[in-house]
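Here is a briefing on a structure with its sequence. Please look at both before reading the points that follow.

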Amino acid sequence: MSLVIQAGAGRELGNPRGAVVTDVLFYVFAALALAGAMGVVAGRNPVASLLSMVLCLGSVAVIYVLLEAHFLAAVQVIVYAGAIMVLFLFVIMLLNLGHDYKPDLRVTLWLIIPVAVSGALFAFLARQLRGADVPLDTSGQAVDALVAEYGAIGAIARPLYTDWVVPFEITGILLLVAIVGALVLAKKRV
Amino acid sequence: MMINEALLLSAFLFVIGAFGVLVRRNAIIMFLCIELMLNAVNLTFVAFSRVVGIEGQLFVFFVMTVAAAEAAVGLAIIISIFRHYESVDVDNFNLLKW
């Protein structure tokens with residue numbers, strides 16, 4: 001992580017080697033994220049799929065660091081790759097799905113339909129996102145200034161507790177509802 | 001930083017997740033693919049936060065909370081379905097099929 005921050009700092013100082021390191025890291029971890037995502041879809045064993053997912057999430061966390069979102073990278077690793085994936089793993093263990101699974105990825109002619117749908121979706125998304133050449137400042141100086149002033153966590157916490165405090169409180173209610181709902185649904189007898 | 005490349009990567013991740021939901025029949029893996037799609041959207045938010053402002057990172061925070069709540073409730077539903085059918089293959093769940 002410190003290497004990446006140094007690389008970013010080098011780029012700001014006009015050091016071309018820092019920019020090259022950042023680029024190489026981006027492409028390496030983008031490839032790892034794609035490999036992990038494909039492993040999720042292609043994996044026969046649910047546990048193998050899950051571990052590919054952890055690889056994908058970790059690589060995306062590194063890309064968050066490269067995009068200077070350090071706090072979110074930490075949250076991604078702790079909450080997503082840590083808590084949520086462990087929850088999945090527990091359910092797989094609970095249902096004893098680690099073995100005697102039957103292959104569900106059947107290669108038939110019907111596979112054409114999902115391939116076509118995904119291809120169309122990708123064409124649409126790529127066109128929309130590539131077309132997003134908004135005439136705005138892409139150097140991220142506004143965010144960098146906020147982070148320099150308040151720190152990586154303070155820059156997010158300040159709007160969270162001022163402008164967005166109502167959605168934040170509603171999030172708390174959402175989590176409470178999720179706890180109660182999960183308990184009621186998974187309980188043996190209601 | 002390379003915002004366009006990050007957006008393209010997130011489009012790839014989203015499409016792989018959507019493809020997985022369409023192709024796989026194992027409920028847990030379909031659920032993992034939904035998480036993959038949420039993650040791709042998060043990457044878009046972070047990339048755009050370099051352009052638009054810190055609020056993009058704030059929304060990722062909310063999306064992560066919703067993803068955690070969704071994972072808890074969804075896995076509870078999968079467990080209660082497994083109790084009925086002894087399987088997580090969605091081909092067995094055809095009660096609402098017309």
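Among contacts in chain A between residues at least 6 apart in sequence, 46% join residues at least 24 apart. The model is predicted, and chain A averages a pLDDT of 83. Chain A has seven helices and zero strands, and 25% of its 190 residues count as buried.

**Chain A and its confidence**

- From the N terminus on, the elements of chain A follow the order α-α-α-α-α-α-α.
- In chain A, 81% of the residues score a pLDDT of at least 70.
- Confidence in chain A is highest in H3(A), with a mean of 94, and lowest in helix H1 of chain A (residues 2–12), with a mean of 43.
- The pLDDT is below 50 over residues 1–11 of chain A, a stretch that has 17 contacts in the model beyond near neighbours in sequence.

**Helix H3 of chain A**

- The 21 residues of H3(A) should span 30 Å at 1.5 Å a residue, and the end C-alpha atoms of this helix are 30 Å apart, which agrees.
- H3(A) is largely enclosed by the rest of the structure, because 15 of its 21 residues are buried.
- A:Glu68, whose phi is positive, follows H3(A).

**The loop between H3 and H4 of chain A**

- A:Glu68 lies in the loop between H3 and H4 of chain A.
- The phi of A:Glu68 is near 65°, which is a positive value in a residue other than glycine.
- Most residues other than glycine have a negative phi.
- A:Glu68 counts as buried because it has 21 C-beta neighbours inside 10 Å, and the cut-off for buried is 20 or more.

**Helix H4 of chain A**

- Helix H4 of chain A covers residues 70–95, which is 26 residues.
- From its first C-alpha to its last, H4(A) reaches 36 Å, close to the 38 Å expected at 1.5 Å a residue.
- H4(A) has a kink of about 30°, centred on A:Gln76.
- A:Gln76 is itself among the buried residues of H4(A), and so are A:Leu72, A:Ala73, A:Val75, A:Tyr80, A:Ile84, A:Phe88, A:Val91 and A:Ile92.
- The cover over the buried residues of H4(A) includes helix H3 (46–66) of chain A, together with H2 and H3 of chain B.
- After H4(A) comes A:Asn96, which has a positive phi near 60°.

**A:Ala73, one residue of H4(A)**

- A:Ala73 is placed in helix H4 of chain A.
- Why does A:Ala73 count as buried? The reason is that A:Ala73 has 23 C-beta neighbours inside 10 Å.
- Leaving out residues up to four places away in sequence, A:Ala73 touches A:Ala61, A:Tyr64 and A:Val65.
- A:Gly58 is 15 residues from A:Ala73 along the chain, and their C-alpha atoms are separated by 8.6 Å.

**Where chain B meets chain A**

- How many residues of chain B are in contact with chain A? There are 63 of them, in contact with 68 residues of chain A.
- On the chain B side, the elements that give two or more residues are helix H1 (3–23), helix H2 (27–52) and helix H3 (55–85) of chain B.
- H3(B) gives the most to this side, with 22 residues.
- By class, this side of chain B has 47 nonpolar, 10 polar and six charged residues.

**The largest nonpolar core**

- The largest nonpolar core has 74 residues.
- The residues with the most contacts inside this core are A:Ile63, A:Tyr64, B:Ile28, B:Leu32 and B:Leu36.
- From chain A, the elements that give two or more residues to this core are helix H2 (16–42), H3, H4, helix H6 (141–161) and helix H7 (165–186), and from chain B they are H1, H2 and H3.
- H2(B) gives the most to this core, with 15 residues.
- In soluble globular proteins, nonpolar side chains tend to be buried together.

**A positive phi in chain B**

- B:Glu86 is placed in the segment after H3 of chain B.
- B:Glu86 is not a glycine, although its phi is positive, at about 60°.
- Is B:Glu86 buried or exposed? B:Glu86 is exposed, because 9 other C-beta atoms lie within 10 Å, and the cut-off for exposed is 12 or fewer.

Technical notes
Residues are numbered from 1 along each chain as its sequence is written. Chains are lettered from A and ligands numbered from 1 in the order in which they are written. This is a predicted model: local features need pLDDT of at least 70, side-chain atom pairs count only at pLDDT 80 or more; totals for chains, interfaces and linings use all residues. Two residues are in contact if their C-beta atoms, placed from the backbone, lie within 7 Å. Helices (H or I, at least four residues) and strands (E, at least two) are DSSP runs, numbered from the N terminus. Ala, Val, Leu, Ile, Met, Phe, Trp, Tyr, Cys and Pro count as nonpolar, Asp, Glu, Lys and Arg as charged, and the others, Gly among them, as polar. The expected span of a helix is 1.5 Å times one less than its number of residues. The bend at a residue is the angle between axes fitted to the seven residues ending there and the seven starting there. pLDDT is the predictor's confidence in each residue, from 0 to 100. A nonpolar core is a set of buried Ala, Val, Leu, Ile, Met, Phe, Trp, Tyr and Cys residues joined through C-beta atoms within 7 Å.
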